[in-house]
Amino acid sequence: ATSVAAAAAAAPVPPTRAASAAPSAAAFASSWSVLSVPISLRGVRAVYFARHVPPTELSRVGQLASAAGLVGSLAGPLLSQLPFTLYEFALLAAVLHAFALVGFLVFLPPPRRAPPLSRSPPP
């Protein structure tokens, strides 16, 4: 009986899914926090809005962008607690970015075209 117990204790235990997901969840949470740090993105967003959004829409567009940022800052840490591997999180991020791209293409106005240059005869 002692040899069976000793053999069972010496046998390697395969890692469970939760144990294997713990490092990737920590890596995902750390990566998300690093990506959330740059404050300079707010300046880039403000310049883009100033150039491409009519002044009457600036308040609404700014509020929508802030709301989207708040949802992302809440969803990221919550999603990092799911028992996925880093590869599965990368696929999830790719799918979510594809949905964001479709949303941009649907909701952004078409680009403004510059007026055509008039051709005047040479003097």
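The model is predicted, with local features requiring pLDDT of at least 70 and side-chain atom pairs counted only at pLDDT 80 or more, while totals for chains, interfaces and linings use all residues. Residues are numbered from 1 along each chain as its sequence is written, and side-chain values use heavy atoms, leaving out hydrogens and water.

**Fold and exposure**

The chain has five helices and zero strands, in the order α-α-α-α-α from the N terminus. Helices (H or I, at least four residues) and strands (E, at least two) are DSSP runs, numbered from the N terminus. The chain has 123 residues, of which 10% count as buried. Buried means under 20% relative accessible area, exposed means over 50%, and partly exposed lies in between, with a 1.4 Å probe and protein chains only.

Ala-27 belongs to helix H2 (residues 17-36). Its C-alpha atom is 9.9 Å from that of Thr-85, 58 residues away along the chain. Leu-92 is placed in helix H5; Leu-92 and Leu-79 are separated by 13 residues in sequence and by 9.7 Å between C-alpha atoms. Relative accessibilities are listed below.

| Residue | Relative accessibility | Class |
|---|---|---|
| Ala-27 | 31% | partly exposed |
| Glu-57 | 28% | partly exposed |
| Arg-60 | 47% | partly exposed |
| Leu-92 | 25% | partly exposed |
| Phe-104 | 52% | exposed |

**Salt bridge**

The structure holds one salt bridge, defined as a side-chain nitrogen of Lys or Arg within 4 Å of a carboxyl oxygen of Asp or Glu. Glu-57 and Arg-60 form the pair, and their closest N and O atoms are 2.9 Å apart.

A pocket is an open set of points on a 1 Å grid over the protein atoms alone, where a 1.4 Å probe fits, with protein on both sides within 12 Å along at least five of seven lines; lining residues have an atom within 4 Å of a point.

Tyr-48, Arg-51, His-52, Pro-54, Leu-108, Pro-109, Pro-110, Pro-111 and Arg-112 line the second largest pocket. This lining comprises six nonpolar, one polar and two charged residues.

Phe-104 sits in helix H5 (residues 86-107).

Methods:
Nonpolar A, V, L, I, M, F, W, Y, C, P; charged D, E, K, R; others polar.
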